[in-house]
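Please load the model in the viewer and colour it by chain position.

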Amino acid sequence: MFFLKKNKEILRAFVNDGLIETFYLKNLPSEKLSAVKIRNHSAVFKLIDSSGLEYEYDFSDSVTDSRYVHFSIRIQDNFAVQADCLISTTSHAGDSAKLYREHKISGIRFQPFFLPEGKVKPEEFIGKGLFERGFHFPGRVTPGNVSCICICDYCRKSFHLQSFHAGFSDVQYFYCSDYPHTLVVSSYIKDVPAQLSETDPDGLNRLESKLPRCSICNGTFHYLNSFLCPLCKKPYIDFRKYPRNRKNEYYGNHIFGEKIQRWDEKPS
Ligand SMILES: [Zn+2]
Ligand SMILES: [Zn+2]
């Protein structure tokens, strides 16, 4: 490692192919703030590491022309890259932060990753949940006006997720077998697994046998179904591979802008 040149460029950030920031090895940890005015309804944020690997996050669905996007891009000492933004009506960063705290504008978290200079292999995150991927933090509630831009582990395309705190909403969520469709069920219904608790397999079987088919694609809902990439349908949060992660993953997710399905047990 001591061969590394201290002024080495380790990350470049672009918006709609225009360079906005460059990071150098000598300045870590580092945070850079940038404001970009959106034109042509296009918002593609791209990070390129020193190996040339690209992380492209398309959030065009969240902007209209003349919006200002306030980016914060951070590289930690351990070479973790974290970036997020506020989508604002004003170019003023302080006013935008205030509007965000008042829930009048929204924020986006871009999927964090490690630079190749770090010691963390990207394969370690394949199929992991949103806590391990660094979107949510145990003990800290993610505000409801924050959404996530994820990058699929397989097709490497980005997609837009909205998380909801299932515990605070008194629901349990179930993902569809075929597409990233989400069903929620009140946690007061019998046999619904509680968050952060071991499940009772018999109770879960009884409940799952009663759940409706997906109203969009006719798939089936199961507690251990994975959340799928909407583009290639490969698992993104892979509960089949990591079933032990399921009970701790108390944020449910749905594709941004899409409706959640709900089910209530009919009184017998
Ligand atoms: Zn479905
Ligand atoms: Zn994919």
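How many residues of domain 1 are in contact with how many residues of domain 2? The answer is 12 residues of domain 1 and 14 residues of domain 2, where contact requires C-beta atoms, placed from the backbone, to lie within 7 Å.

This is a predicted model, in which local features need pLDDT of at least 70, side-chain atom pairs count only at pLDDT 80 or more, and totals for chains, interfaces and linings use all residues. Residues are numbered from 1 along each chain as its sequence is written, while chains are lettered from A and ligands numbered from 1 in the order in which they are written.

Select 9-164 for domain 1 and 169-249 for domain 2; these bounds come from an automatic or database domain assignment. Their C-alpha centres lie 28 Å apart. On the side of domain 1 that touches domain 2, 7 residues are nonpolar, 2 polar and 3 charged.

Next, display the open sheet of 7 strands, ordered E3-E6-E7-E8-E9-E10-E16 with mixed pairing. Strands are DSSP runs of at least two residues (E), helices of at least four (H or I), and two strands pair if DSSP finds at least two bridges between them. Strands E3 (30-37) and E16 (251-255) stand at the edges with a single partner strand each, so one side of each lacks a neighbour in the sheet. From one strand to the next, the twist averages 25°.

Now select 68-75 and 80-88: strands E6 and E7 run antiparallel and are joined by 8 bridges. Tyr-68 is found opposite Ser-88 in E7.

Finally, select 93-101, helix H1, which lies across E3, E6, E7 and E8 (106-114) and runs at about 85° to E7. Angles are taken from 0 to 180 degrees between N-to-C directions of axes fitted to C-alpha atoms, for helices over the stretch in contact.

Definitions and conventions:
Two residues are in contact if their C-beta atoms, placed from the backbone, lie within 7 Å. Ala, Val, Leu, Ile, Met, Phe, Trp, Tyr, Cys and Pro count as nonpolar, Asp, Glu, Lys and Arg as charged, and the others, Gly among them, as polar.
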